[in-house]
Amino acid sequence: MRYLKYITGVVAGIALVGCSSFLEENPDQRTTIDSPEKIKQLLVYAYPSANNFYALEAMTDNFGDSRRTANTALDNTAYYSWKDETQESWDSPSEFWEASYKAISQANQALESVETVQMTKEMYEGIKGEALLARAYAHWMLANTFCEAYDPNTAASKQGIPYVDEVEEELIKEYKRGTLADVYARLEADIVEGVRLAKDEAFFSPNPSFHFTKGAGSALAARFFAHKGDWDKVLEYTNVFGDKAINLRDIRTYAGVFPNAQGQLYGDQKEKANLLIVGSRSLLRRYYSSIRFGMVRPILNDMMSKYNPYGRSYAYEMSYWASQDVYFQPKFHEYFVYENQGAGTGMPYVNVPLLTVDEAFLYRIEAKIMKDQYDEAANMIGYFAKFKTAGNLNESTVTLANVLRGVPTADEYKPFYQMNDTQSRLMKYVSELRRREFVHMGYRWFDIKRFNLEVVHTFDIEGTREVLTAQDKRKAIQLPQSALGAGLTPNER
């Protein structure tokens, strides 16, 4: 594993790539980072250029068997079976691992350089805040992909991921995974300081949605502290959004829009719900519509008809190709970035929202529930759901009683913290709202882990089924072969 002090492009990361090309290069041809503008350019690459949405989604209860045996895109069957991946390819956990550590290396270089380059206080704080939050985001995603769920009672004995917080100066440096407790302690330090320093949208004009603004940082903090079970902190960091968030995604406005245009709208910076967007090299648009295991009709029916406090169907637009028998929400618009215009070569990308107002708002509802503010939580559930349901609805008609009627039991929800019956049922309701809002984004996998949920996947043609138990070790995805080959300890199986 190595990083470079001087940057010529995207820096090599923890994927342990060879170093011969670097050693052969004339140092004078490398760029010295000697201005705020050059540091800000580094931060363009401080966000993962790949995602793990598809792999995580395939492991959740959002997927079933379409019986289309010819459709086995990527590692569709392996992910659905919770087996270790065999194809370290696009949209795979392995690619996400590499892309995340590349992003971390850029953030670390920016954090080192900002201390040596003369600039205004506002510029210093804005750059440092963004770099800290970018570093934290990548590490959080890595930890919650490749580690077991956080539990303060066991985190000191659970394996973490290498938390890289300095520029690599050595040609070859060995890293250890450390503990999950250590990872979370360092995450908290980066997030708290990052949000404190972060600037508002004007600082990042004209494209604030592609940077860690204070709003995006607050949403990341809400996510982190919700998973940690620190509800006072969740309320503190979501105060900026309030109990009546004005920029929730209004799914009703997507009605009647062609699927391709919906994908453009979903990842557009004009969509005020999007707090942080990244252009990700990806084939997501193709995978979700051409796979054997995906969102099949029975799952779709449940998603659209249940857990709506108004007793109506949700207004999420779903599409399908008749020959595939799998459904998908058109969230990803693929665009092609040419590397050689004349030769017509390049790569497909999609804009993906990494942090949204909707996610932060749902964590705020969770905090209200855990602080015994049940009526406020029910009202906020109604407020959220009206933007996802056709019609002119009023959240004042939603009561705690009718929300609870929608979830008679939630005994399967067993996080590390204690919940009474009302809290369990309301938390399940919110989790189901999040499941619908973020379908195809992999967020359901994080809830499956932190709430210790069981998942059953059926193989309808074979007549078999597989079960992922509540405490299943496979919930920590196996590290990439490149990392294991470099000496990192594998996850238990």
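In this predicted model, three strands form an open sheet in the order S2-S7-S6, and their pairing is antiparallel. Strand S2 (274-281) and strand S6 (334-340) stand at the edges; each has a single partner strand, so one side of each is left without a neighbour in the sheet.

The pairing of S2 with strand S7 (residues 345-356) can be followed in detail. These two strands pair in the antiparallel sense over seven bridges. Within this pairing, Asn-274 stands opposite Thr-356 in S7.

Two helices accompany these strands. Helix H8 (residues 214-228) lies across S2 and S7, and runs at about 70° to S7. Helix H13 (residues 357-370) also packs on the sheet, where it touches S2 and S7. The direction of H13 makes about 30° with that of S7.

The axes of helix H14 (residues 374-386) and helix H16 (residues 421-437) come within 12 Å and cross at roughly 20°. Because angles under 35 degrees count as roughly parallel, H14 is described as roughly parallel to H16. The crossing of these two helices, H14 and H16, is left-handed.

Which residues in H14 and H16 meet? From H14 come Tyr-374, Ile-381 and Phe-384, and they meet Thr-422, Gln-423, Leu-426, Tyr-429, Val-430, Leu-433 and Glu-437 in H16. By class, this contact of H14 with H16 has seven nonpolar, two polar and one charged residues.

Conventions: Residues numbered from 1 in each chain as written. Predicted model: local features only at pLDDT ≥ 70, side-chain atom pairs only at ≥ 80, totals over all residues. Heavy atoms only, no water. Axes fitted to C-alpha atoms, helices over the stretch in contact; angles between N-to-C directions. Helix = DSSP H or I, 4+ residues; strand = E, 2+ residues; numbered from the N terminus. Parallel < 35°, antiparallel > 145°, perpendicular 65-115°, else oblique. Left-handed = near helix turned anticlockwise from the far one by under 90°. Contact = heavy atoms within 4.5 Å. Nonpolar A, V, L, I, M, F, W, Y, C, P; charged D, E, K, R; others polar. Pairing = 2+ DSSP bridges.
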